[in-house]
Amino acid sequence: DIWGPALSHVLAGIARPLLQSGGRSGERFLLSKPLSHPDFFNLKELFSLKDLFNARVHLGHKKGCRHRFMEPYIFGCRLDQDIIDLDQTMEHLQLALNFTAHIAYRKGIILFISRKRQFCHLIESTARECGEYAHTRYWQGGLLTNAHIQLGSGVRLPDLIIFLSTLSNIFEPHVAIQDAAKMNIPTVGVVDTNCNPCLITYPIPGNDDSPTAMELYCKLFKMTIIRAKEKRRQREIFDELRRKAEGK
Amino acid sequence: MAGSRLQKIGSVFSRTRNLLRIGVIEKPLWFDVYAAFPPLREPVYRVPRPRYGKVKDVIPPIFYQEDQVRARFYRIYGSGPRPFDLSQLNYKSTCQRFVEKFNELKEEGNIEEEKLFEETGKALLADGIILQRRGTDRVTQEDHQDVGSRDSAIHLQLRTLLEEMQEGKKDQKEQTPERAETQKEDPLPS
């Protein structure tokens, strides 16, 4: 398979049945109730500012590499090295994890993308453990925009794309960012000080080069997705039992 | 199935909302979630234009009060005797211990400002950390004076050389008429 193990066979073959909840009240119980709660999956207990600091998430690149649009997210410059504002990172991370959890709760397809060879294996194993998908190899031009021809007709595209590094191998923005914007797919992405955060729906300003930082992100995303899926399973079982009780 | 591939106009949400309003698309999975929890900044495309003219750096530099002590420490003692072990999270380097001892002695207030640095060195020696002096004591005016004195030395040398050359030329001028007188029969240069 020329374009990596995950993408093509997964998207083409395994179709996830879109939600089928019986009746209006069931739908409200399953879908809209979680949205009214600000932190339905209790994700703020998963990470703290100390954890982010110890994982070296606040370290950016040198002053010369700074991207103009990252300036609001940078705390200061220590001897020419940019330091990212971890307070802002906490807020952005909370929003991004919450969004991911809700998408996973609604049985959406999540795709992890990163073009860093150092972490390719880590990301693929993370995706495998969550039951989601990853694409850490060369990105062919029309994978999203020309999907029906390249991957076969009737392909279901991802509902969320998570970028663990928004740059490609040549330090330019990954093609998938603009492709996702074209196909109206929301994106979550870790943006470093040399990245462009404009087109990413939920950016997370943070370091994308240290192994500790990447392991932290992978751990957080894996835990949120697993939590969300567990919650969904429990709610469906509860719904089943309730309907059986009502039916009787 | 309709869609909007204009990523440079509006955000993903605004385009999807407008398509839904027309009725050409069915509601995607993420729409309600985005509406309930929108991001802090709407993801609209911005053109990354470079700045022209004089560029003002909006990011403040990070400096602490202890940095003055640290700079002096590194100037005199070079990098400390022990290498940094970054694998430990709460590792305290020699320089950090020096700074903490300096602050302690400063708060006690018994020692005067100029002596404080040497006193800290002695206190660390008492604790068992040996510091080897590698550079001269830090006063930037000394550097300027060195440069000035070096320049003036060079100037002095150049001046003496010039004087010698001028004297040499005068001697030559005095000599050449004599030689011209003596070598009238021989106009060719020897």
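Reader: Which residue stands opposite A:Pro203 in strand 8 of chain A?

Author: A:Gly189 stands opposite A:Pro203 in strand 8 of chain A. A strand here is a DSSP run of E with at least two residues, a helice run is H or I with at least four residues, and both are numbered from the N terminus. Before we go on, some ground rules. This is a predicted model, in which local features need pLDDT of at least 70, side-chain atom pairs count only at pLDDT 80 or more, and totals for chains, interfaces and linings use all residues. Residues are numbered from 1 along each chain as its sequence is written, chains are lettered from A and ligands numbered from 1 in the order in which they are written, and side-chain values use heavy atoms, with hydrogens and water left out.

Reader: In which sense do strand 7 and strand 8 of chain A pair, and over how many bridges?

Author: Start with the general idea. Strands of a sheet pair through backbone hydrogen bonds, either parallel or antiparallel. Two strands count as paired if DSSP finds at least two bridges between them. Strand 7 (residues 187–191) and strand 8 of chain A pair in the parallel sense, over 4 bridges.

Reader: What is the strand order of the sheet with 5 strands in chain A?

Author: The order is 5-4-6-7-8, in an open sheet with parallel pairing. Its edge strands are strand 5 (133–135) and strand 8 of chain A, and each pairs on one side only. The twist averages 20 degrees from one strand to the next. For angles, axes are lines fitted to C-alpha atoms, for helices over the stretch in contact, and values run from 0 to 180 degrees between N-to-C directions.

Reader: Which residue of strand 5 of chain A is the bridge partner of A:Ile113?

Author: That partner is A:His135. Strand 4 (residues 110–113) and strand 5 of chain A pair in the parallel sense over 3 bridges.

Reader: Are the faces of strand 8 of chain A covered or uncovered?

Author: Both faces are covered. A:Tyr202 and A:Ile204 lie on one side, A:Pro203 and A:Pro205 on the other, and all are buried. Buried means under 20% relative accessible area, exposed means over 50%, and partly exposed is in between (1.4 Å probe, protein chains only).

Reader: Is A:Ala176 buried or exposed?

Author: A:Ala176 counts as buried because its relative accessibility is 0%. A:Ala176 lies in helix 7 (residues 175–182) of chain A. A:Ala176 and A:Gly141 are 35 residues apart in sequence and 8.9 Å apart in space, C-alpha to C-alpha.

Reader: What is the order of the sheet with 3 strands?

Author: The order is 1-3-2, in an open antiparallel sheet of chain A. Strand 1 (59–62) and strand 2 of chain A are the edge strands, each pairing on one side only. Neighbouring strands of this sheet are turned by 30 degrees against each other on average, direction ignored. Strand 2 and strand 3 of chain A pair over 4 bridges. There, A:Ile74 has A:Ile84 in strand 3 as its bridge partner.

Reader: How far apart are the end C-alpha atoms of helix 4 of chain A?

Author: They are 28 Å apart. The expected span of a helix is 1.5 Å times one less than its number of residues. Helix 4 (residues 86–105) of chain A has 20 residues and so should span 28 Å, which agrees. Helix 4 of chain A is mostly covered, with 16 of its 20 residues buried. A:Lys107 follows helix 4 of chain A and has a positive phi, near 60 degrees.

Reader: How much space lies in the largest pocket?

Author: The general idea is simple. Rolling a probe the size of a water molecule over the atoms shows where empty space is left. The largest pocket holds about 1,400 Å³ of space. Of its 31 lining residues, the closest to its centre are A:Phe53, A:His58, A:Leu59, A:Arg78 and B:Leu86. On a 1 Å grid over the protein atoms alone, a pocket is an open set of points with protein on both sides within 12 Å along at least five of seven lines; a cavity is a set where a 1.4 Å probe fits but cannot get out; lining residues have an atom within 4 Å of a point. Grid points are joined across faces, edges and corners, and a volume is the space filled by probe spheres set on the points.

Reader: Where is B:Val44 found?

Author: B:Val44 is in the loop between helix 2 (31–36) and helix 3 of chain B. B:Val44 is partly exposed, with a relative accessible area of 28%.
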